[in-house]
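Please keep the structure open while reading the points.

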Amino acid sequence: MAKVIVYPPTSMILSDLVERMGHKALVVPEAVRNLVTANNIQSPPLNVTPEGPKKGLRYAAVDVPSGVRGRMSLIGPIIEESEAAIIVEDPGWLTGCSGCSRTNELVRLLIRTKGVPVLDLSYPTNDAEAKVFVQKIKAFLGGLK
Amino acid sequence: MIRIAQLSCGSEYSGIQKEIERAAETVGAKLVYPEVSLEDILNVENTFGVSVSSGDLNLAMARAVRIVQNPDLADAVIVMTCFRCAEAAIIRSEIRKFIHEHSKIPVLSYSFTERTTAETLLTRMEALVTTVKFRGLLAREKQTGLTAGIDSGSTTTKSVVMRDNAVIGTGWVPTTEVLKSAEDAFEGALKMAGVAKEEIAGIGVTGYGRFLVGKHINAKLIQEEITVNSKGAVFLADCQKGSATVIDIGGMDNKAISVQDGIPGGFTMGGICAGASGRFLELAARRLGIDITELGKLALKGDYRNVAMNSYCYVFGTQSLVNSLSLGCKPEDVAMAACHSVAEQVYEQQLQEVEVKEPVIMVGGTSLIEGLPKAMEELLQVKVIVPKYAQYIGAVGAALLVSGLLED
């Protein structure tokens with residue numbers, strides 16, 4: 001079983017495909033769940049506190065907006081943990097997003113510079129492309145140990 | 001309860017959502033988030049005019065469209081995005097303009113960091129709520145009876161006594177101990193007016209120390225500076241009808257307020273840095289070996305272009321002034337360069353956030369430093385009005401508004 005990060009990091013479709021193939025999907029909702037189910041709810045709704053953007057300094061400099069650094073405090077550790085990645089280009093809103101384009105750019109960069117196996121895909125626009133999309137993911141995940 | 005629609009990007013991830021909610025709660029308001037459909041977000045370019053790559057900004061724009069279409073959804077709007085995000089800065093400004101142009105709902109915009117606290121937001125939220133809640137009181141144009149106002153500012157404390165629409169006494173002291181300074185300034189105003197404290201029918205208090213001072217002297221009105229200064233400015237400049245822009249460069253922060261019929265429409269309040277405050281001019285005067293009251297007149301004789309200012313910063317900007325003097329620049333040019341530096345920074349970083357409509361009224365103690373309104377005139381290319389009693393603007397606004405409460 002490999003730990004696979006998906007991009008967009010909030011995509012439930014990609015997360016589901018990874019889990020179905022017996023791997024662990026690394027996604028933001030899980031990181032958020034860990035925060036909001038913690039004993040101490042300090043800052044609803046996500047329970048990200050001002051400490052989050054400070055933790056995000058590990059991934060982006062202080063002159064990067066606080067919202068990017070706060071998001072990176074959730075996504076950064078997931079990238080560090082990942083052993084493989086699936087990146088879907090131009091996924092559209094329906095596939096999920098972090099809400100911030102600058103964060104998305106930084107996430108893609110950090111995944112690629114980590115040096116783990118990456119499957120690059122285009123978002124399917126019809127049924128035929130969708131089948132190929134799933135087949136490629138299946139083949140990629142099947143090749144991971 | 002006043003409903004403030006929050007249109008934002010990044011506040012939850014910056015860890016400050018709780019602070020925004022705390023500020024709203026403190027001023028008796030409730031934050032609301034207008035419902036939009038996915039279709040609304042996908043069509044935001046058609047309805048708003050642009051879509052951007054960040055999803056949360058598109059959501060904020062879709063919510064702005066929904067509010068304009070259904071003004072009953074909110075009483076006021078706060079637009080908040082991350083500081084230093086270029087995409088957000090453009091959209092934040094466009095959302096503010098969109099709501100301003102298509103509705104009568106007051107809008108406040110603000111860029112935050114993870115260090116933004118409820119206290120930072122409080123004055124802004126209070127002003128937003130006041131413009132909704134006390135619209136009738138703010139529309140008041142005349143002071144009646146015998147009332148007083150105290151402006152407990154960060155650097156100076158000002159007080160006025162007013163009778164039947166005229167200022168009859170003023171008091172001014174540097175702020176040291178907040179309560180003592182307020183008492184001294186008030187005492188000064190009473191003495192000049194020739195009236196006893198007991199004769200005053202009502203006192204209004206504004207400024208940083210308003211809560212402490214207001215409680216101590218049992219004030220009938222305790223109000224933030226945005227609404228009070230707007231009122232005082234248009235009253236003293238005799239511009240109560242129509243649009244106006246009020247610029248107040250204070251000792252610790254600056255305010256730029258777009259006013260319509262004496263009521264603030266949009267405003268910004270910073271906090272940019274000490275280099276854009278009265279403190280910078282005080283330092284420049286000290287370095288030139290003159291009193292702050294002489295700086296403005298000296299500046300009027302100078303030309304800022306003869307001085308190379310390399311920074312707006314309180315420290316490095318001063319260094320530029322000092323270097324210029326050592327290179328033989330004339331003191332009057334240095335004085336004007338200091339005024340221009342402050343005005344330019346306010347122009348670049350704050351006036352972009354409000355609709356600058358004539359007449360432009362400069363108020364506060366710094367407006368009496370003649371070089372500063374002149375520098376602002378050159379930058380804005382419009383005539384800047386500095387009314388009589390410009391430094392007492394907050395106290396006058398408070399005295400005027402409290403008289404309305406007494407009648408009610």
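1. Strand 13 (residues 360-363) and strand 14 of chain B run parallel, joined by 2 bridges. Strands here are DSSP E runs of at least two residues, helices are H or I runs of at least four, and both are numbered from the N terminus. Ile361(B) has Ile385(B) in strand 14 of chain B as its bridge partner.

2. A word on the model. It is predicted; local features need pLDDT of at least 70 and side-chain atom pairs count only at pLDDT 80 or more, while totals for chains, interfaces and linings use all residues. Residues are numbered from 1 along each chain as its sequence is written, and chains are lettered from A and ligands numbered from 1 in the order in which they are written.

3. In chain B, 9 strands make an open sheet with mixed pairing, ordered 2-1-3-4-12-11-10-13-14. Two strands pair if DSSP finds at least two bridges between them. Strand 2 (29-32) and strand 14 (384-385) of chain B are the edges, each pairing on one side only.

4. Helices cover parts of this sheet. Helix 1 of chain B lies across strand 1 (2-9) and strand 2 of chain B, at about 140° to strand 2 of chain B. Helix 4 of chain B packs on the sheet, touching strand 1 and strand 3 (76-82) of chain B, and makes about 150° with strand 1 of chain B. Axes are lines fitted to C-alpha atoms, for helices over the stretch in contact; angles run from 0 to 180 degrees between N-to-C directions. Contact means that C-beta atoms, placed from the backbone, lie within 7 Å.

5. Next, a helix pair. The axes of helix 11 (residues 278-288) and helix 14 (residues 331-349) of chain B come within 10 Å and cross at roughly 170°. The two helices of chain B, helix 11 and helix 14, are therefore roughly antiparallel (an angle over 145 degrees). Among the residues that meet are Phe280(B) and Leu281(B) from helix 11 of chain B, and Val334(B) and Val342(B) from helix 14 of chain B. The contact has 10 nonpolar residues, no polar and no charged. Nonpolar covers Ala, Val, Leu, Ile, Met, Phe, Trp, Tyr, Cys and Pro; Asp, Glu, Lys and Arg are charged; the others, Gly among them, are polar.

6. Finally, the interface. In total, 24 residues of chain B are in contact with 23 residues of chain A. Helix 1 (17-26), helix 2 (38-42) and helix 4 (55-69) of chain B each supply at least two residues of chain B's side.

Notes. Two residues are in contact if their C-beta atoms, placed from the backbone, lie within 7 Å. Angles under 35 degrees count as roughly parallel, over 145 as roughly antiparallel, 65 to 115 as roughly perpendicular and the rest as oblique.
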